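Please open the structure in the viewer and display the backbone as a cartoon.

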Amino acid sequence: IFRDVPSDITIEVNGVSFALHKFPLVSRSGRIQKLVAEHRDSDMLRVELVNVPGGAESFELAAKFCYGINFEITSFNVAQLYCVSDYLEMTEEFSKDNLGSRTEEYLEIVVCKNLEMCVEVLQQCESLLPLADELKIISRCIDAIASKACAEQIASSFSRLEYSSSGRLHMNRQTKCEGDWWIEDLSVIRIDLYQRLITAMKCRGVRPESIGASLVNFAQKELTKKCSLWNPSGLTKVDLGSTDHERLVVETIIGLLPVEKLAVPISFLFGLLRSAVMLDCSISCRLDLERRIGSQLDIATLDDILIPSFRHSGDGTLFDVDTVQRILVNFSQQDDSEGDMDDESVFESDSPRSPSQTALFKVAILVDNYLAEIAPDANLKLPKFLGIAETLPEHARTIHDGLYRAIDIYLKAHPSLPDEDRKRLCKLIDFQKLSQEAGAHAAQNERLPIQSIVQVLYFEQLRLRNALCCSYPDDDHKPAVHHQSWRISSGALSAAMSPRDNYASLRRENRELKLELTRMRMRLNDLEKEHVCMKRDMVKSRSRRFMRSFSKKIGKLSLFGHSSSRGSSSPSRQSYRTDSKVIERTCASTD
């Protein structure tokens, strides 16, 4: 219609001029209507629009809508059209089914029902801030994504439910969870919008494991280009340039980490810690990471805790020993806090070692290996080495072979160490807890102080005497040697176990003794009852036996009476006296 009509208004947007007509624009845009009303006397009006959302491209689509030219609203242009309609005041007040209502309808009915479209709209909103945030486009998309992700996880959980052979309903954990497909899609969002999105997901109840997986995926894509910032061969930092964005990403991810343990791999936490040290992130972020790592240090590996010293503090050490020491302090404090619980809840465990004790043994092995790795560093000072070695309690190490190996490496790398410092180092070793091979090596180690070698030889002699005692069981000296060896082994055992475990073992033995005593009492009662019954039966049986014996003796007396009448009188009186004695003995025995 307007192709043959000459233009009567020229609108310039970001240097691009549009030759248009007043009538179609004024009929739908309140902003242009006000501009035209201000210049009624001008036949050819020229207007410049400043800060148009989406620039010339968005204005061109809005102008086409005013002219009635059809075009498709998609997830890639709905945010720009929504913002430009607000800028040009294209509302229902000036025209029915205007651009504002059209974009609102598409955003509500189409975009908010689809998670992928919401992500695409969020990407487009990055260049439309702060207007897109003021118009609540971002908040609506974030709420829609969080709700959709939560619904997907619930549906996935129901699909994994199945009945067992006993007829009970349970979750099949072997089936792969398909409710986390959105993790890859979220990695394209800008960091500030991503932070708001993860926060909304936490409020909606999305699983911590899914949030952790999303954080790992986002960090890998955002920081993958910075893996070459550290040059291990030259041990120098490459020019970082502008690291503000990377620092913001690391600090944001640390703040978004779930509070639950094992929600993210511990190797990822160590990677964040290295990045935080390298990018000089805030101290609060680094301390938070160290606390998280310390709470699950028992699953860490040696490669995890070997953190290079990105910032040389003047000592020139190769590894960041101070950070590792703070992590160990967090681990020890966490172990102590668990030990401060109520005795009834802690010591009632029937297991020989609590989980915290098992974790302590694992960390002790890890620390010994770490000491062996940093010991060859010639710039490593003795206080730092001692600080790492003394962080764990004495009962953490059941065997001191690893600690002895690390100290021996340190003595070899520091030959000029004074004797006093050598003695301080060797005081850490309990030579009773050395294996036979380590003891034999220590007995010939010239780097050890004389006092330490004497201790090694003494305990090796006791061990040898114990072995000889076992070889000759008839030896007279066996009890004394056995007593000495038992005292040493029991001392090592008590030192290897924490006071909490010792107390738990004593309580367990006490319960077993009480149970055995109860059983003995019950058995004793049964025996007493059986004894009473047996005594009653014996009395009855003896009375019947006496009557039978008495009748037999009476019969014998009558026979002797008949025979005595035929013989002399003296033999009959003698036989009568004999039978009388027999009867008296029978009665006495019966009584």
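Predicted model: local features only at pLDDT ≥ 70, side-chain atom pairs only at ≥ 80, totals over all residues.

**The hairpin and its sheet**

Begin with valine 13, which stands opposite valine 16 in β2.

Next, select residues 9-13 and 16-20, which are strands β1 and β2; five bridges join them in the antiparallel sense. Within this pair, glutamate 12 has serine 17 of β2 as its bridge partner. The two strands form a hairpin with two residues between them. In that turn, select asparagine 14, whose phi is positive, at about 55°.

Now widen the view to the open sheet of three strands, ordered β2-β1-β3, with mixed pairing. Because β2 and β3 (45-49) stand at the edges with a single partner strand each, one side of each has no neighbour in the sheet. On average, neighbouring strands of this sheet are turned by 20° against each other, direction ignored.

Select residues 55-67 next: this is helix α3, which packs on the sheet and touches β1, β2 and β3. The direction of α3 makes about 10° with that of β2.

**Helix α10**

Move on to residues 191-204, the 14 residues of helix α10. From first C-alpha to last, α10 reaches 20 Å, close to the 20 Å expected at 1.5 Å a residue.

Which residues of α10 are buried? Show the side chains of Ile191, Leu193, Tyr194, Leu197, Ile198, Ala200 and Met201: these are the buried residues of the helix.

Finish at glycine 205, which follows α10 and has a positive phi, near 95°.

Definitions and conventions
Residues numbered from 1 in each chain as written. Heavy atoms only, no water. Pairing = 2+ DSSP bridges. Helix = DSSP H or I, 4+ residues; strand = E, 2+ residues; numbered from the N terminus. Expected span 1.5 Å × (residues − 1). Buried < 20%, exposed > 50% of the residue type's maximum accessible area, 1.4 Å probe, protein only. Axes fitted to C-alpha atoms, helices over the stretch in contact; angles between N-to-C directions. Contact = heavy atoms within 4.5 Å.
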